[in-house]
Amino acid sequence: MAVIVRAGAAPLWWAGLVAAAAGAFVPGLTGRRIGLLTGAALFIVTVAVVLLARGGRYAELARGASRAGRGDFLQDRAVTVRVWRRGHRWWLLGAFVLAVASSFALPGAGGLVLAGAGAGLWAKAVRIGQRERRDDALYWVRTDRAGRGSPVAKGVQGHRTTGPVAGDAAPGGARRRRR
């Protein structure tokens, strides 16, 4: 489950930083200083909103999680990340273009909002990882239930659990380190 959340974090973060850097070179309608200060405030607000969004649904599905059975199809981390990013590439490109275009009004602000969304997703994945460590289990969403890439979409009726060493993902959705 944390892998799906974390899949969007890096593209949003880096696209946001590049858009903010590009926007810092455009004087804009409000001026660079006001644009970047507004962007910094919006960054903090966006991180908080993304981090706290749908937290109750995540907790509810984690409490009701059942042990993964033999018939459950659970994808590897790399496949999940690739599928999510491929399915959302046009949304990511559109968000990047919009963030760069917004720099003509508020320089850098749109990019910092995009980077804030990426940071919020990463923080949410870390929070899920803390729950996974506490419960000594990894939470999974069945591949056929993941829908459009959200681990808490309407089609997701419950999560599955495995042991903490199952699969190639560490708690929180990061790559498992091989020794």
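1. Start with the sheet. Its 3 strands are ordered β1-β3-β2, the sheet is open, and the pairing is mixed. The edge positions belong to β1 (66–67) and β2 (138–140). Each of these has a single partner strand, so one side of each is left without a neighbour in the sheet. Keep in mind that this is a predicted model.

2. Now look at how strands hold together. Strands of a sheet pair through backbone hydrogen bonds, either parallel or antiparallel. Here, β2 and β3 (residues 160–162) run antiparallel and are joined by 3 bridges.

3. Next, a loop. G28 sits between α2 (9–24) and α3 (32–52).

4. Which residues does G28 touch, leaving aside its neighbours within four places in sequence? The contacts are S103, F104, A105 and P107. Take A105 as the example. G28 and A105 are 77 residues apart in sequence, yet their C-alpha atoms are 5.0 Å apart in space.

5. Last, the surface. W90, L93 and V97 make a nonpolar patch of about 350 Å². W90 belongs to helix α6 (residues 89–101). W90 counts as exposed because its relative accessibility is 63%, and exposed means over 50%.

Terms used
Residues numbered from 1 in each chain as written. Predicted model: local features only at pLDDT ≥ 70, side-chain atom pairs only at ≥ 80, totals over all residues. Heavy atoms only, no water. Helix = DSSP H or I, 4+ residues; strand = E, 2+ residues; numbered from the N terminus. Contact = heavy atoms within 4.5 Å. Patch = residues over 30% accessible without salt bridge, like charges linked within 9 Å, V, L, I, M, F, W, Y side chains within 5 Å. Areas by Shrake-Rupley, 256 points an atom, 1.4 Å probe, with all protein chains shown as cover. Salt bridge = Lys/Arg side-chain N within 4 Å of Asp/Glu carboxyl O. Buried < 20%, exposed > 50% of the residue type's maximum accessible area, 1.4 Å probe, protein only. Pairing = 2+ DSSP bridges.
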